[in-house]
Each structure stands twice: as C-alpha cells, then as structure tokens.
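Dear colleague,

I am handing over the structure below, and I would be glad if you would read the notes that follow it with the model open beside you.

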Amino acid sequence: MKTKWKISPYLYILPAFILLFAFRLIPITMSFIVSFFEWGLKGSGSFIGLANYQKILQDDIFWKSMLNTLWYVILVVPASVIVSLLFAVLLNQIKRLSGFFRTIYFLPYVTSLVAVSIVWKIIFNEQTGLANTFLNFIGIESQKWLSEPTGIFKIMFSSIGISIPEWMAGPSQALFAIVIMTVWKGLGYNTIIYLAGLQNIPKTYYEAAEVDGAGKLKQFFKLTVPLVSPTTFYVLVMTTIVSFQAFSQVYLMTDKGSPLNTTKLIVFYIYEKGFDTLEMGYASAVALILFVIILGLTIMQRRLEKHVNY
Amino acid sequence: MNESIRMTIIYTFLIIFGLFMVVPFVWMISTSLMNQAEFNKHDSVFVPKEEYHVWKSPAGDHKILLVQVENKEAVIHTLDKDNRIVDEYKRVPASEVRKVKKVPSLHWDNFTRAFKKVPFATYFANTLLVSFISLIGVLITSMLAAFAFGRMEFKGKDALFYLFLSMMMVPEPIYLISSYILLDKISWLDTYQALIIPWCVNIFTIFLFRQHFRSLPKELFESASLDGCSTFGMLWRLIIPLSKSVIATASVFSLIGSWNSFMWPLVMTNRPELRVLQVGLSYFNQEASTQTTLLMAASAFSILPILIIFFFAQKQIIASYAKAGLKD
C-alpha cells in the first residue's frame with residue numbers, strides 16, 4: 001500500500017504537468033530568451049543582447065502605447081469600482097426583481113468581447129450610431145468618437161468655453177469610447193463580487209448605526225465603504241491586471257490603434273510587432289516589460305492583502 | 001426619508017442602469033432586422049420600419065422606387081417582392097403614386113445573407129468542437145491533479161503546487177509570441193490541436209477541485225481504501241457523484257472561456273476552414289464594415305448560444321462567478 005502511494009501521486013499530476021510544462025513553462029521561458037534575439041517569422045535570427053530593450057527606450061510608438069494604456073487603466077479601474085459598488089449597494093436594498101436586475105447587469109460579462117466590440121463600434125458611428133442619437137436627444141451635438149484624436153478633457157472644457165493647454169488634453173475621445181465600452185462589459189462581474197462582499201456585513205452593524213441616528217449616506221461612507229474594502233481591493237487589483245491586457249477592443253473597434261495611434265494599447269502593440277511587422281524578438285521584449293508590470297502588481301496585491309482586512 | 005419614496009428612487013436608478021446595460025443588445029437585435037437603406041437614413045432608431053412608394057395602377061398595386069416627379073408625371077422603377085427592379089424608368093401619372101408610411105418590417109433575410117457571405121455554420125461547428133474537447137481535457141487533467149494535491153502526501157507537493165499557481169499569474173499575451181514560435185517548430189500551426197491541446201489544462205480549475213476535495217470528509221476515503229477500491233476507482237465511483245456542483249462550475253468557466261477566446265485562435269490559425277466563430281466574426285467585421293445590419297446579425301448569432309445557456313442557468317452561473325471570485 002505504502003509503496004503504491006509513493007508513485008501514484010505523480011501519475012495523477014502528470015497529464016496536467018506535461019501540458020503546463022509544454023505550453024506554459026517552455027513558452028514563458030522562451031519568451032525571455034527570444035527577447036534577446038533578432039527573431040523573424042522563420043527561424044531564429046542572431047543574438048543581439050539588450051539591443052531590443054535599447055530600441056524600446058527610443059521607440060516613440062512604444063511610449064505612446066504605454067501612455068495610452070496608463071490612461072486606459074486610470075479611467076477604467078476607478079469607474080468600474082465606483083459604479084459597480086453603487087450597483088451592488090442599490091441591489092442589496094431591494095427584494096423584488098433583484099435576480100432580474102442581476103441577470104441584466106451580468107449579461108455583457110458572459111457575451112463575447114468580439115461581438116460586443118462590433119456592436120459598440122456601430123454604436124459609436126458618427127452618423128448612424130446610438131451614442132450620437134442619445135447625445136442629440138439630450139441636446140448635445142454629435143461627437144466623432146472613434147475617429148476623434150482630440151483629448152477628452154480638451155473637448156469637455158472647450159464645450160463650456162474654456163480652452164486648456166495641449167499637455168492637459170488627456171486621452172483621445174476615441175480611447176474614451178473604448179473605455180466606456182470596457183466598463184460596461186465588466187460591470188456585472190464586479191457588481192456580483194461586491195454583492196457577495198456586502199452580504200458578509202452583519203445586519204446588526206446597520207441596526208446599531210440606525211439607533212445612533214446615522215443617515216443612509218453616513219452609513220454608506222462610514223460603514224459600507226470601510227467594511228467592503230477587502231472586496232474593493234480585490235476588484236481594484238483584478239480590474240487593473242485585466243485592463244493592462246486589453247486587445248480585442250482595439251483590434252475590432254479601431255484601424256490598428258487609429259486615430260493617430262491614440263487607441264494603441266500595449267498588448268495590441270505586441271501583437272502588431274509580432275505578427276504584422278514580424279519583429280518577434282522585439283515584440284517579446286515589449287511583452288516582458290508588460291510582464292514585469294503585471295508581476296509587480298500581483299506581488300503588491302499579495303503584500304497589501306494582509307493589511308486591508310478588517 | 002419615507003421608505004416608499006426611498007424605494008422608488010432606488011428602483012428608478014436600477015432601471016436607468018439596467019437600460020444602459022441592456023440597450024446595446026436591444027439595438028443589436030433591432031438593427032440586425034433592419035433594411036440597410038432604412039438604417040442609413042436613421043429615422044427609426046429602434047423599430048425596424050420601411051417606407052416605400054406604391055403605384056396604384058388600374059391593374060393593381062405595385063411596390064415601386066420613385067425616381068422623380070415632373071409635370072404631374074412620375075418616373076418610377078417597379079419592384080418585385082424581394083425589392084429587385086423589374087421595370088425601369090416607367091412613366092405613370094403622378095396622381096397614381098402614393099407614399100406608404102412607415103410599416104414595421106423585419107428583415108430576417110439579413111441572417112441568411114450574412115450566412116451566404118461567410119460560412120458561419122463551419123465556424124460554429126469548429127467552436128463547438130474546440131470548446132467541448134478542451135472541456136473534457138480540462139475536467140480530466142484538473143480532477144486527477146487536484147486529487148493528488150488535495151488528498152495525497154508526497155515529496156515536492158508544495159513546490160509543485162506553487163509552480164502551478166505561479167504559472168497562473170502569467171497572462172496569455174506574455175507567452176503568445178513564443179507559443180507561436182513553439183507551435184511553428186512542432187508544425188502545429190493551422191491545426192485543430194493548436195486550438196485544443198494547450199487549453200486542455202486550467203490551473204484555476206485544478207485549484208477549484210482541490211478546495212472541493214479537501215472539503216470532503218476523510219472517512220469517505222478511508223472506507224473506500226478498506227473496501228479495496230483502487231485510488232482511481234475511488235475517484236471515479238465515489239468522488240465524481242459528490243462533485244457535481246464543482247464540475248458544473250468548472251464547465252461553465254471552461255465553455256464560456258473557450259467560446260469567447262479570440263487572440264489565440266486568431267494568431268494560431270490562418271486557414272478559413274479552421275476559423276472559430278470569434279475569428280470568423282472579426283474577419284467579417286473587416287470585410288463587411290459598411291453593412292451594418294449584416295454585421296449586427298452575425299454578432300447576434302454568435303452570442304446566441306451563450307445567451308440561451310445563460311438564461312437557463314443564470315442563477316448557477318452568477319453564483320459560480322461570485323464563489324470563484326471570493327476563493328481566490
């Protein structure tokens with residue numbers, strides 16, 4: 001009996017291990033190695049040391065993509081967190097139709113990003129799109145959305161007659177359109193996570209607050225927000241990590257990161273370098289930089305996780 | 001504040017948010033049923049309607065296209081029921097021409113036209129094949145590995161488990177290019193196995209099953225080993241019936257994940273016969289970018305299976321996501 005158990009555990013793990021070894025561990029390691037090569041489509045090129053990384057430092061489009069990605073993350077993450085917390089708090093107050101609303105909110109999350117990207121591309125069409133129909137309905141003039149390279153802050157301020165300098169213009173309206181779509185797509189998931197978090201808060205806390213005469217708003221800020229902070233932290237980190245990997249939206253809603261590269265996000269740039277211009281070594285180097293960023297975020301999450309639990 | 005006023009405000013907000021979430025889908029479906037020319041006119045935003053002229057000739061009514069009216073005479077093209085021109089530049093008395101106000105008309109033919117342009121049935125079959133084979137693969141590899149990790153003691157167990165977990169932290173875009181190089185080296189590019197085999201393992205699912213196996217009572221395993229069950233037989237006969245809910249959860253994640261996966265099949269396949277639904281749809285998006293109604297029909301078709309599954313099992317699916325999110 002004992003000898004049998006010594007061998008068999010490894011046999012049980014073997015199928016998973018072989019697949020992970022061949023299709024995760026080897027590619028991950030290779031990606032590191034390839035980044036030191038000049039690597040074309042067919043076969044390896046020559047070893048060029050850190051040359052790819054040096055080239056990245058001087059690559060304007062890389063920095064543009066990085067900046068776009070940062071803007072994208074900065075806009076998507078807080079919007080997702082705030083709106084989904086709001087959804088969840090409202091949903092948590094009602095009894096009737098709660099399941100119905102949950103289903104509706106969750107719908108975009110399970111549908112394919114490809115299909116909804118196409119739908120939103122049509123929604124943001126300048127002439128026939130629903131977005132401009134809505135804006136016209138509430139008395140705002142049509143926007144160019146996905147073909148508008150002008151910064152979103154500049155557009156907002158100029159609509160109320162204030163002109164702001166170029167460095168404050170912010171991400172393009174085209175990227176902003178993609179942000180709206182992405183937030184919409186992910187809200188349902190975050191709301192469900194928040195609802196689970198809210199249901200863990202004992203009802204007695206609120207009853208005590210009620211007795212003390214705290215209003216609903218005060219209860220929200222003094223009780224709910226601090227008590228769901230572990231959930232907030234989870235949603236925050238997960239949304240950030242996922243946002244750094246956005247690809248399909250750019251691929252489907254824009255023409256290669258148009259207009260003027262203002263919607264080119266970093267994973268799309270990796271794809272473009274790897275499979276359009278076939279600079280696979282260079283693309284791997286960019287991928288590795290992204291990996292370092294995501295790894296940093298993951299480690300930060302593990303470290304901080306212990307401090308945010310109440 | 002009065003309780004009923006408070007509830008009214010809450011429901012109002014929930015309905016407004018709900019509209020924001022659901023209107024894109026409603027618009028997708030209504031546009032997918034519109035006539036392209038009517039859509040471009042942008043008169044009716046949600047209801048597919050049609051506006052046309054009729055020539056009330058002595059012989060009967062004809063659907064026509066009005067070219068112009070001059071001196072009480074109308075120049076028209078007569079149309080057949082599929083809106084094809086039958087008779088060109090016919091001159092008739094203007095008094096016999098009437099405009100038919102918008103009547104609702106649903107263009108189901110958008111779906112058949114989209115299907116004629118692109119072999120969506122093939123894409124659909126490919127997606128089904130890839131999704132189901134990788135689901136079976138994921139369930140087998142995950143349950144076996146999770147059983148060892150959750151219920152057995154062996155050397156290097158923790159180290160192996162952490163190795164697995166750390167691989168889960170590396171997102172797909174990081175190893176996409178090197179995977180392409182690897183699959184090229186073993187001549188797997190443009191094959192079904194490139195779409196299936198690498199996705200027959202899922203670390204998160206291993207983790208889910210491991211948690212579940214650890215929660216099962218110890219006595220179960222002990223009594224089974226006294227009965228002389230082999231460990232594999234035990235897994236098969238005892239554990240699977242007790243793991244139905246986790247199997248369901250894992251299946252939902254796996255199926256939705258592979259149904260919607262895009263970047264990998266986009267990169268790893270090139271032959272049209274091998275395209276999965278998402279890749280086929282993205283090519284259609286490039287080819288038919290001006291044919292809005294057909295694009296909407298194709299998009300609607302591609303999310304239909306997931307929508308149907310979701311509506312039948314929405315409670316379980318939402319609960320699965322909630323549970324899995326919190327376990328992490």
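**Notes on the model**

With 15 C-beta neighbours inside 10 Å, B:Asp190 counts as partly exposed, a label that falls between buried (20 or more other C-beta atoms within 10 Å of the residue's own) and exposed (12 or fewer), the C-beta atoms being placed from the backbone. B:Asp190 sits in the loop between helix H6 (172-185) and helix H7 (192-196) of chain B, and its phi is near 65 degrees, a positive value in a residue other than glycine.

Please keep in mind that this is a predicted model, in which local features need pLDDT of at least 70 and side-chain atom pairs count only at pLDDT 80 or more, while totals for chains, interfaces and linings use all residues. Residues are numbered from 1 along each chain as its sequence is written, and chains are lettered from A and ligands numbered from 1 in the order in which they are written.

Chain A has a positive phi to look at as well: that of A:Trp145, a residue other than glycine, is near 45 degrees. A:Trp145 belongs to the loop between helix H6 (130-137) and helix H7 (152-159) of chain A, and it is buried, with 24 other C-beta atoms within 10 Å. In the loop between helix H12 (248-253) and helix H13 (266-276) of chain A you will find A:Pro259, which is joined to A:Ser258 by a cis peptide bond with omega at about -10 degrees. As background, most residues other than glycine have a negative phi, and most peptide bonds are trans.

Turning to the two chains together, 69 residues of chain A are in contact with 68 residues of chain B, where contact means that the C-beta atoms, placed from the backbone, lie within 7 Å. Helix H1 (residues 2-34) of chain A gives the largest share of chain A's side, 20 residues; helices (H or I, at least four residues) are DSSP runs, numbered from the N terminus.

With best wishes

Methods: Helices (H or I, at least four residues) and strands (E, at least two) are DSSP runs, numbered from the N terminus.
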